[in-house]
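Please view the sequence and structure first.

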Amino acid sequence: MRRLALLLAFAFATTSCTNEIDQSTRPENIIGTYTLVTYGGTLPATIPTDSAGTAQVVAGELVVSSDRRWTQSYTISLTRNAGAQTFMTFAEGSWALIREQGYMSFYDLTNKYQFTGTAAGGQITLLTTGGREVVFRR
């Protein structure tokens, strides 16, 4: 009985000494291709546009590479008086990870800005500079 108690105490002590959310926050488990699930809570999501009409994010993809690079694309539908057109936007940059908490920092080389996110359980949630939460899943 004492051995069992010691074993349980040891197991509890070694597992409670980590801040790691789960093994899915390890860099090798974050690498991969993710599909956009929501942009600001919905999909499609209306976004601001410089031109007359309405712009909506209708799809997207985030690729996180082992060389600490990422690429991201969104499919945008722009509706104007003359009709609708669809186009894609692209961004790329570098990423860093604080594994234990699953926090990620992204730097956009194209647009020269930084944003943050979290990664765990096959999902990456980003917080855009405009304050929208963007969710990608495998």
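In strand 3, Val 63 is the bridge partner of Thr 33. The model is a predicted one, in which local features need pLDDT of at least 70 and side-chain atom pairs count only at pLDDT 80 or more, while totals for chains, interfaces and linings use all residues. Residues are numbered from 1 along each chain as its sequence is written, and side-chain values use heavy atoms, with hydrogens and water left out.

**Overall make-up**

- The protein has two helices and nine strands; helices (H or I, at least four residues) and strands (E, at least two) are DSSP runs, numbered from the N terminus.
- Along the sequence the elements follow the pattern α-α-β-β-β-β-β-β-β-β-β.
- Of the 138 residues in the protein, 29% are buried; buried means under 20% relative accessible area, exposed means over 50%, and partly exposed lies in between (1.4 Å probe, protein chains only).
- The accessible surface of the protein is about 8600 Å², and 54% of this belongs to carbon and sulfur atoms; accessible areas come from the Shrake-Rupley method with a 1.4 Å probe, and for residues only the protein chains shown count as cover.
- Taking contacts between residues at least 6 apart in sequence, 44% join residues at least 24 apart; contact means heavy atoms within 4.5 Å.

**Confidence**

- Mean pLDDT (the predictor's confidence in each residue, from 0 to 100) is 78 for the protein, and 78% of its residues reach 70 or more.
- Where pLDDT is low, the predicted coordinates should not be read in detail.

**Strand pairing**

- Strand 1 runs antiparallel to strand 3 (residues 54–64), joined to it by four bridges; two strands pair if DSSP finds at least two bridges between them.
- Strand 2 (residues 45–47) and strand 3 run antiparallel and are joined by three bridges, with Ala 45 opposite Val 57 in strand 3.
- Six residues lie between strand 2 and strand 3 in their hairpin, where Gly 53 in the turn has a positive phi of about 120°.
- Ten bridges link strand 3 to strand 4 (residues 69–80), again antiparallel, and Val 64 has Trp 70 in strand 4 as its bridge partner.
- The hairpin of strand 3 and strand 4 has four residues between the strands, and Arg 68 in the turn has a positive phi of about 65°.

**Nonpolar core**

- The largest nonpolar core has 25 residues, and Met 104 and Ile 124 have the most contacts inside it; such a core is a set of buried Ala, Val, Leu, Ile, Met, Phe, Trp, Tyr and Cys residues joined through side-chain atoms within 4.5 Å.
- Leaving aside neighbours within four places in sequence, the contacts of Ile 124 include Tyr 34, Leu 62, Val 64, Met 104 and Val 135.

- Thr 125 lies in strand 8 (residues 123–127) and is buried, with a relative accessible area of 14%.
- The side chains of Thr 125 and Gln 123 are joined by a polar contact of 3.2 Å; a polar contact is a pair of N or O atoms within 3.5 Å, where within protein one must be able to donate a hydrogen and the other to accept it, and residues adjacent in sequence count only if both atoms are side-chain atoms.
- Beyond four places in sequence, Thr 125 is in contact with Thr 116, Gly 117, Thr 118, Glu 133, Val 134 and Val 135.
- Thr 128 sits in the loop between strand 8 and strand 9 (133–137) and counts as partly exposed at 22% relative accessibility.
- Not counting residues up to four places away in sequence, Thr 128 touches Tyr 39 and Val 134.
- The C-alpha atoms of Thr 128 and Thr 116 are 7.5 Å apart, with twelve residues separating them along the chain.

**Strand 5**

- Ala 91, in strand 5 (residues 83–98), is buried with a relative accessible area of 10%.
- Residues that Ala 91 touches, not counting those up to four places away in sequence, are Trp 70, Thr 71, Gln 72, Asp 108 and Thr 110.
- From C-alpha to C-alpha, Ala 91 and Trp 70 are 8.3 Å apart in space and 21 residues apart in sequence.
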